[in-house]
Amino acid sequence: MSDEHVYLSLAEGHEDDARWAYGTGFEDPLHGVDTTVPEGVDTGQLAAECVALADDALVSAQRLAEWTTRAPELEEEVALANIGLDLLGQARLLYSRVGQVDGTGRGEDAYAYFRDADDFRNVRLAELPGGDFAFSIVRLLVLSSWRLAHFERLADHPDPVLAAIAAKGVKELTYHRQYAAEWAVRLGDGTEESHRRMRRALEQVAPYFGELFTACDVRDEVAAVLRQVTEAAGLPMPVYRPLPGAGRSGEHTEHLAPLLTELQSVARALPEATW
Amino acid sequence: MTTTHSAGVPPRDVPGAPESPGAPGAQETPDALQEHFDATIARDQRIEPRDWMPDGYRNTLIRQIAQHAHSEIIGMQPEGEWITRAPSLRRKAILFAKVQDEAGHGLYLYSAAETLGADRADLTRRLIEGRQKYSSIFNYPTPTFADVGVIGWFVDGAAICNQVPLCRSSYGPYARAMVRICKEESFHQRQGYELLLTMMRGTAEQREMVQDSVNRWWWPSLMMFGPPDDASPNSARSMAWKIKRHSNDELRQRFVDMTVPQAGKLGVTLPDPDLRWNEERGRHDFGTPDWAELKRVITGDGPCNDQRIERRRTAHEDGAWVREAATAHAARRSERARKGTAA
């Protein structure tokens, strides 16, 4: 490689934007997909479903981003960012779909940055504060297993856009679940301390299980995954303790508002700005 | 491209004569090994991990590669602060991916250092204990989102000037790691510059943010190339060994020449009254950075030195139980596998 060539190429114009970092393309993410809503599909219901799934993904990605520069090892730094980027990508596609079907024509940022906590429909498990690595792994295991089972069904959705987003997401979520399951086994079957932390994390997560299955009943699939993983990890299955309320109805913990305040701070400080 | 003098000899055993019988050069004296090494360098060929190399060469490389790896990892912090606050989802994805790339660069570089007999955990300890350094630039704060763009434009731009010649470094694993890193850095630089172009087309407040950020980062970026040549004690030896290919001042000049037209296109002013085109030299003249400031920042007295190391230390210490658990689990697994095989 000649030095001069590289220096010069930096100053030139570039048309090959596809080579930019993964998930950061400048194209409309739904470019080329027929976005007409098929007859018989209720646009209100479709928009509500996409918002809820996008909110789950955005809030989860935000919690994963909080690990940046704080992960226990560089490999985990890379892996957690990968998962966060996948979820952020899913959120962007879903919000774009909402803007197409709810009649407002709004872009993805309108939903992420200019709605308040009451309007968010994510499940509460996604918004709970980061906790330790064991908590993040248990949460990721539960949420990715649940979302994967849900997306497998959505891949047959009558709306072709949602079906395509779900089909793409299935591949990503399969990896997320695998990553979380491997760490769950390592930590459950690691040291006394890691085992203790995993038990505590399972207890912390358990109250938030119930609401996951109100929208989409994939309880059996998720329970089967958890049973398999906890067995391999030498951990007890979490005891189901339902907690009243549901993020899907806009009822959130006190942790969502500060998360959104941070996420939305720059965008709201300069609402006229373009980024 | 390679010589294979000391195949099988642990790297730390240099410069004693290699012992592996039958390896080419097994009978050679230290003088002959040195001559062979010198000839490889003179022919512009690469030194590979199993080749004999002088202790000084090995130690210089470990120091340089480790500093470079530490810079990637510490360098995640100033911009990483903005991932959770990026003002659009597209900017959030770009920044998240960039900071992730830096973790990846750190990984390749620690691996390159390990080919010389260093150990990642040991290098991390040295960083945390302040016994090894990282680039001075990452000790400056990032108070606005414009800093994300300016870091991409200046800091990644300066890194590219520094690192492109390293793709031809005499040490093979380092040179190969640099090829991939430079490609990714050039995306980062373009992404940073593109953010600034967008902001400059935005509101007056955004344009002010960009100019303010340029004012704060320009001089520290020029300092990234290190002290002037007449005050850079290790440079001459590194150049003789072809670990380094151009002097600090030469690279600094290249960076200035590359950046001035980009600043013009962007519509910002570089904060140097002495900056002007010199027709005779065919290059830009520019002012002298505050070398006393560089010295202060390098010796630990920059605006964010303590904060950067503290974050790295906390992550490392908080993660200890995770790493211990993984090790314990792996040991138990292989024990179970061994028993399973024996049964």
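What share of the contacts in chain A with a separation of 6 or more comes from residues 24 or more positions apart? That share is 80%, with contact meaning heavy atoms within 4.5 Å. Keep in mind that this is a predicted model, where local features need pLDDT of at least 70, side-chain atom pairs count only at pLDDT 80 or more, and totals for chains, interfaces and linings use all residues. Residues are numbered from 1 along each chain as its sequence is written, chains are lettered from A and ligands numbered from 1 in the order written, and side-chain values use heavy atoms, leaving out hydrogens and water.

So what is chain A built from? You'll find 11 helices and 0 strands; helices (H or I, at least four residues) and strands (E, at least two) are DSSP runs, numbered from the N terminus. Of its 275 residues, 56% are buried, that is, under 20% relative accessible area with a 1.4 Å probe, counting protein chains only.

Now look at where chain A meets chain B. Here 68 residues of chain A are in contact with 65 of chain B. The rule finds 4 salt bridges across this interface, a salt bridge being a side-chain nitrogen of Lys or Arg within 4 Å of a carboxyl oxygen of Asp or Glu. Arg332(B) and Asp189(A) form a salt bridge through their side chains, at 3.0 Å from N to O. On the side of chain A that touches chain B, α3(A) gives the most, with 11 residues.

Terms used
Buried means under 20% relative accessible area, exposed over 50%, partly exposed in between (1.4 Å probe, protein chains only).
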